[in-house]
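Dear colleague,

I am handing over the structure below, followed by notes on what was found in it. Please read the notes with the structure open beside them.

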Amino acid sequence: MDPLEGETTSASIEYEPVSVKDVLVEMKDTAELLIDLSYSAVLHRSEELATEVLRLEERMDVLELRARMSLLMAARKPADAEQLAPVLGIVGAADGISDAAGDIAKIVLEDMGLPEAMRAALPEAAGTLVRGVVDPDSPYAGRTLKEIDLESETGVRAIALRRGTDWLLNPGPNTRVEADDVALLRGPDSSIGDVCEALTGEDYEAPTVEAPDIDDLERAVDTIIHMKDFSELAVDLAYSSVLFDSEELAEEVRNLEVEVDAMQSRFEAWTLRAAADASDPVVLRGLIQLGNSTERISDTAIEISEGVLRDIDVHPVVQMAVQESDEIITRVVVDPGSDLDGTAVTAGVPDADSMMSVIAIRRPGEGWLLVADADAELRGGDVLISKGTRTAAADFRELATAEP
């Protein structure tokens, strides 16, 4: 059965004046949520989450058409076309992420099969994300997120709400939770179950997994988890390169894309070797589709930063759209002898007077290190990819600079 049977899956779309900035913001937020949802659907083998991915994918198609219509209306002379061409690339990239996420969701919906090793590895990679329908008798129904104070009390955050066919992405403190809303929640294992039960009035069952028993399969799964993390990082960096019109950040996107391509080659090799020892090689079919879709996500990052790489002026509407994000991603090089040289980093937090979190380190000659995977010590020459506020980013850059 079609998971969206009974719903309108296509409709006539006519041109209407819309804010290109607002559409781009919604496309960016939707793309990020799609990646999150699709991997969580695989983790939980959840048809409900996978169906939400397809609903969001359909929403992305509408946003893409509206954005293209508006951009076509805005191009009145050759100079406009030159500036708007990269914007079309960004629109197409967001739709590409949507298509890749939809293919990941279909691994669950079409029951392609996925080894237990994948489910054992994904909790650390994707965290715990659940979907629940708000019960009318829930203590959360009819209250704002500020009144509920969910995140500070439990560590659980509402990342999106769906009310009928309308989506509320990145809900804020004044967003009211209503009965029958579909809520997407992320939080720690220790509290997500209690919150879900209070929200839905139903028992929550945590997924159970088995440890992998094939070495080559375990290597393949480890590789694809790194591909996922690097692909997400590449997309974040690409948007930041547009915001700052930064060729340096755009080059890091290209470096990450090369790394993901190399990972995919290793992933394919491990998967083929694992097939020889697997009792049912057919269950690897979903894993192969997951690898291909993950690699496509990293390819879209290049499309987002294409205009920067080609030294085309960034259209102001794109910068305004990306500026809607509360946090920014920056790239700094650690000078030998600076305050950061020799500093320990634990779980992304540097042992320094800074509010920035280090996401990844590129060490010339050695490659990439995702700091969430391991503790590290910063060295002179390291290229740091970090996340934080604009003020914290300026202070962090000073820590990375050696005094003359």
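The accessible surface of the chain comes to about 19,000 Å² (by the Shrake-Rupley method with a 1.4 Å probe, where for residues only the protein chains shown count as cover), and carbon and sulfur atoms account for 46% of that surface. Please keep in mind that this is a predicted model, in which local features need pLDDT of at least 70 and side-chain atom pairs count only at pLDDT 80 or more, while totals for chains, interfaces and linings use all residues. Residues are numbered from 1 along each chain as its sequence is written, and side-chain values use heavy atoms, with hydrogens and water left out.

As to confidence, the mean pLDDT (the predictor's confidence in each residue, from 0 to 100) of the chain is 81, and 84% of the residues reach 70 or more. Confidence is lowest in helix α4 (residues 116–126), with a mean of 53, and highest in strand β5 (residues 176–177), at 93.

The chain has twelve helices and 13 strands, taken as DSSP runs numbered from the N terminus (helices H or I of at least four residues, strands E of at least two). Of its 404 residues, 50% count as buried, that is, under 20% relative accessible area, with exposed meaning over 50% and partly exposed in between (1.4 Å probe, protein chains only).

Helix α12 (residues 390–400) has A392, A393, F396, L399 and A400 buried. Seen down the helix axis, these buried residues fall within an arc of 115 degrees, so they line one face of α12 (the arc being that of the directions from the axis to the C-beta atoms). They pack against β7 (328–333), β9 (349–350), β10 (357–363) and β13 (383–388), with contact meaning heavy atoms within 4.5 Å, whereas T391 and E398, on the other side of α12, are exposed.

Finally, S138 lies in the loop between β1 (128–133) and β2 (143–144), and S138 is buried, with a relative accessible area of 7%. Leaving aside residues up to four places away in sequence, S138 touches A198 and L199.

With best wishes
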